[in-house]
Amino acid sequence: MPFAQCNHWIQPNPRVMLELQRARGSTRTNSTYEGWLITSVQGKIMAINIPVYFMTDDGEISLTPVHKAVPVIPITFTAADKDNLNTAPNPEKHKYTMVLLDTGATGCFIDESFADDLDMPVIKEINVLGATSTIKSTVRATVMCFTDDGRLFRQEVSTAPLSANGRKFLAAFGMEFLEHCSLTLDFENNKFELLFNS
């Protein structure tokens, strides 16, 4: 299935945008949490399933695995406030992209140009060790949403030249992200999803 036919999954959800607007420096009463989960529209923590899609090298999206496709989920990103990572100072400035679920990686990476376009603040400079080389990178702070109920999550991501290297996904999340959920890639029963318990 071409990417354009899956747009209903990755268009900014009105509830998501409402939460992003509310997150801009506002004081929250019943929906602020310490840690990774920032907010919940429903004011409580609950489990949710996120469908996993598959992206080919040319950027086409499929609901089921196809040859040489990788597992991805759609995520909407905005910049976090450098001084308060639980807030989004400019939620109107947001973008969505497909994110590679990389079980072989430890960290979470985002395309450097994508992070620059969103003005994601630099938290620190680092060296990223790859299989064959080490590159200089920056750690950025982002607020993101990928649930239908509009929950916001914070994440620190390292920049990498993904689009410059021909990648169609603009972020790749490893175990730092996946430790918050259960990933199911059940090829026999055709069940592909992330289950979040927070």
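Biologist: Which residue in β11 does L101 stand opposite?

Modeller: The model is a predicted one. In general, strands of a sheet pair through backbone hydrogen bonds, in either a parallel or an antiparallel sense. Here L101 stands opposite F173 in β11. Strand β11 covers residues 171-173, and three bridges join it to β6 in a parallel run.

Biologist: In which sense do β5 and β6 pair, parallel or antiparallel?

Modeller: Strand β5 (residues 70-79) pairs with strand β6 (residues 94-101) in the antiparallel sense, over seven bridges. Within this pairing, V72 stands opposite L100 of β6.

Biologist: What is the strand order in the open sheet of three strands?

Modeller: The order is β2-β13-β12, and the pairing is antiparallel. β2 (48-51) and β12 (181-186) are the edge strands, each pairing on one side only. From one strand to the next, the twist averages 20°. Six bridges connect β12 with β13 (residues 191-196); L183, for instance, has L194 in β13 as its bridge partner.

Biologist: How many residues line the largest pocket, and which lie nearest its centre?

Modeller: As a general idea, rolling a probe the size of a water molecule over the atoms shows where empty space is left. In this model, the largest pocket holds about 580 Å³ of space. Its lining has 21 residues, with F109, V128, G130, A160 and L162 nearest the centre. β8 (122-129) and β10 (152-160) each supply at least two residues of that lining.

Key: Residues are numbered from 1 along each chain as its sequence is written. This is a predicted model: local features need pLDDT of at least 70, side-chain atom pairs count only at pLDDT 80 or more; totals for chains, interfaces and linings use all residues. Side-chain values use heavy atoms; hydrogens and water are left out. On a 1 Å grid over the protein atoms alone, a cavity is a set of points where a 1.4 Å probe fits but cannot get out, and a pocket is an open set with protein on both sides within 12 Å along at least five of seven lines; lining residues have an atom within 4 Å of a point. Grid points are joined across faces, edges and corners, and a volume is the space filled by probe spheres set on the points. Helices (H or I, at least four residues) and strands (E, at least two) are DSSP runs, numbered from the N terminus. Two strands pair if DSSP finds at least two bridges between them. Axes are lines fitted to C-alpha atoms, for helices over the stretch in contact, and angles run from 0 to 180 degrees between N-to-C directions.
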